[in-house]
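Hi,

Here is the structure I promised to pass on to you. Have a look at it first, and then read on for what turned up.

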Amino acid sequence: MIKEKDYLNNIAEQCLSKSNKLGSTDVSVMVMHSVSEDVSVRNRKLDGSTRSENLGITLTTYIGKKKSTISSSDLHTKNLDGLINRCVESTKITPEDELNSLADKELYFKGDKELDLYDETVLENKKKIEYINEAEEEAFSRKDIVNTNGSGFSQNKSNFILANSSGFSDGYKTSQFTAYCEVVSKNNGSMERDYEYSSKRFFNDILKPKQLGSKAAELALKKLNPKKIKSEKLNIIFDKRIAKGFLSSFSSAISSSAFAKGTTFLKDKLNKKVFGDKINIQDKADIKKANGSRYFDIEGVKTKPLELVKDGALNDLLIDTYNGKKIKKKSNGRASGSSNLYFLNGDLSFEELLNSTKKLLYITETIGRGSNIITGDYSVGASGLMVENGEFSYPVSEITIAGNLNNIYKNISLANDLEFNYSTNSPTMLVEGMIVGGK
Amino acid sequence: MSDLLKNSDLSLDTADKIVSDTLHDCDDGELYIEDTKFETVTLDDNKIKSSEYSIDSGYGFRAITDDVIAYSHSNEISEESLKKSSENLKSTLKSKKGTYNSEIKKTNQKFYNDIDPIETKSLNAKIELLNLMNEYSRSKDQSVKQVSASFLGEKKNVEILRLGGELLKDSRPLVRINISMMVEKNGRKETAVYGVGGRQSYDEYLKDGSWKKLCDEAFRIATTNLKSKPSPAGEMKVVLGPGWPAILIHEAIGHGLEGDFNRKKTSVFHNLVGRRVASEGVTIIDDGTIDNRRGSLNIDDEGTPTERTVLIEKGILKNFMQDRLNARLMNTKSTGNGRRENYKHIVLPRMRNTIMLNGTHTQEEMINSVNKGIFAVSFGGGQVDITSGKFVFNCTEAYEIVDGKIGAPLKGATLIGDGPSSLKEVLMVGNNMMLDPGIGTCGKSGQGVPVGVGQPSLLIDNMTVGGTQL
């Protein structure tokens, strides 16, 4: 099935030696192989099955401070030679950049790999179909669930080798199992959709079919017959799956590349208060079995744990080698971005958040891009539920929520219900005083 | 003669045999072979970041019976791999029996030339021009703090082998030139992005100093935004400028008219053919046949020749956009809208160039008629929920309208609307139809495909603006 280390190593070695022969002073190569087998189901009937197999390389050659990158999926020796040649030739005519280099040797990952990122389990398509059918069955058992947008199951396995001319050579297998269910509810001419999905490295960790189906149905039913509300300033609770989006824009805003270029609203905020005192954000790559866990980044640098925000203050950045040099900091293994990025739990229960004011809006879905990380402006389309006196009262849709991240960050309160379901994770989040655009 | 099997041990004859053996009991399917070369050359922060080049080739083998799709793809084009895929497809569909219709419409139509844009301009010349764009932009004003510019070029060769031995081919060039700028004045930062592109050589978009216009435009938008004030929140009248703002049409109406959502009855439009879905002045087409446009195709990714499909005529819903699968299941014909991002993805009905045709009003008339509203000139991305019909898009250049006149620029606001009702709220359709500059990529089910849009100015009676001023 999945190609073993020796096979990938062999290709990597060829790339390194050939590039050196052609005059490269430094070389880095990544060889990847992945196989994914997916099924999709609609109305409890097989809708499709897909098998994907991908083998590819990404090669970067340096001549002094000149650098060029090539990637290819065509690895026949003849083509590979031509590609390496092309890469070295374009390196020759690319202008120098004094900051170009491989990562510092001292920062390379060394050591044991004990994170449990690979599950040997292989599921036959028949099993996958049964799993998803059971989820849809559960969803359809609810009144007013009339259709599906399609549900599915995918099993992905991959292996890779990263090697460079400074002696780094390492790689490992990972697996990912994903099940999703998306259903349509209908009542009095109102039609809504919603979904639930679960994606884990180990098959046994994903949501059971009945939970998947019932959650998707419950969400789609809750949205039926929504109202549009008046424009006003409101306290807003973001459901976990929306709240984690604030971490994604935060991670772009604290990348060393944004800091080096000054293209982030947080540019002057290192070591300063950015959030309220109770907010802490960490990025930990070494959580066993977690979706975002890894040993090293695409430069081979060990991805060490970071306390990015400590008691509200911006404490660290996501740094790669090149941009790190620009801001005079060493890489912390984030050339591939964040790993497992999360808010630490707050001190309020979910019920306490719901009861924090008489009237608030609980957001279950946002659409649109949302955050401008240069200005910090935030504006999205949204739908959710009105909460009055701690109780969900009616669904709301076709509204917008807007603010500026500088203010939003200072007005966040978090519940104590953090779970590690994705690679970025947040507890339920309350943001006070946002502007809702409606009628 | 196949060009794409040349480097493999797989002969066209053998491929044909495997295809027949796999598809003879199916309703539809094909072997899709693709070879793509792609380059990006980027200047960022005063430096050529690096040049990147990639080659991706592979096949996607698809078999369909009834509404079940079996798909297998690999970047290893070989007899062994294709046989493995064939086994896979047969095992998925083993309990079904279909009838294959080998007939497919032929065409000699060519809407772009068979050029390789990557090779028609040397890397040196690209680097030189990016440096010029950077210097020119930075020399415009002290407030320009960051400039990023890039060339993206692609050459995609496609071959489609259907049951019966028919081999259909297309060769598709595509380029895009982007510039983004950050300006800073009195502690305030704003950015702007501008780009052009299509299915021609880079030089067609750069000649006679027209590259300067790209820089000028990005600079104009960024400096305009430096003066912007917070956007209002709430419902108001909206005037949309011509050209790129037609992504509203794409989001609000386009996606809901794609065959798959209507066959599955999850689109709000599924039972509205022949009914009024827009104001009388509204006619919308989806056209794959415009010369050199980003969304144009000679044949779609199933081999069907593209066409100009009328979606809405004078406000009445006429047609959906179809691929072969959805067309067959809905007893109609493919409109040449079957597209895929690449060989790794299944075909879906997708838009090409989606355009609202001219009406009779002037933009000035529209603005004069508004007491309080906004004039939206350009947008970033948009998104739609097909089932509920709700869509959003983010303004990147917008102005307030006060007492019939264009006022101050507004900070990036989100507009949100309801697809089926928003086109009924079109009060005036302009006479100034413009196509977008050639930069659109549409995302659906994780697949991005190049598309175009176009429209004249529009006056919409009522949309919700997501600003911060109550």
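Into which domains is chain B divided? There are two entries: domain 1 (123-158 + 171-226) and domain 2 (234-466), with bounds that come from an automatic or database domain assignment. Please keep in mind that this is a predicted model, in which local features need pLDDT of at least 70 and side-chain atom pairs count only at pLDDT 80 or more, while totals for chains, interfaces and linings use all residues. Residues are numbered from 1 along each chain as its sequence is written, and chains are lettered from A and ligands numbered from 1 in the order in which they are written.

Back to the domains of chain B. Their centres, taken over C-alpha atoms, are 26 Å apart. Domain 1 of chain B and domain 2 of chain B each put 13 residues into the contact (two residues are in contact if their C-beta atoms, placed from the backbone, lie within 7 Å). On the domain 1 side, strand 5 (167-185), strand 6 (188-198) and helix 5 (210-226) of chain B each give two or more residues (helices, H or I of at least four residues, and strands, E of at least two, are DSSP runs numbered from the N terminus). Strand 6 of chain B gives the most, with five residues.

Leaving out residues up to four places away in sequence, Met181(B) touches Val144(B), Ala218(B) and Phe219(B), among others. Helix 6 (residues 247-254) of chain B has eight of its eight residues buried, so the rest of the structure largely encloses it.

Finally, the two chains meet through 65 residues of chain B and 62 residues of chain A. Strand 2 (residues 47-65) of chain B supplies the largest share of the chain B side, 11 residues. That side divides into 19 nonpolar, 29 polar and 17 charged residues (Ala, Val, Leu, Ile, Met, Phe, Trp, Tyr, Cys and Pro count as nonpolar, Asp, Glu, Lys and Arg as charged, and the others, Gly among them, as polar).

Best wishes

How values were computed:
Buried ≥ 20, exposed ≤ 12 C-beta atoms within 10 Å, placed from the backbone.
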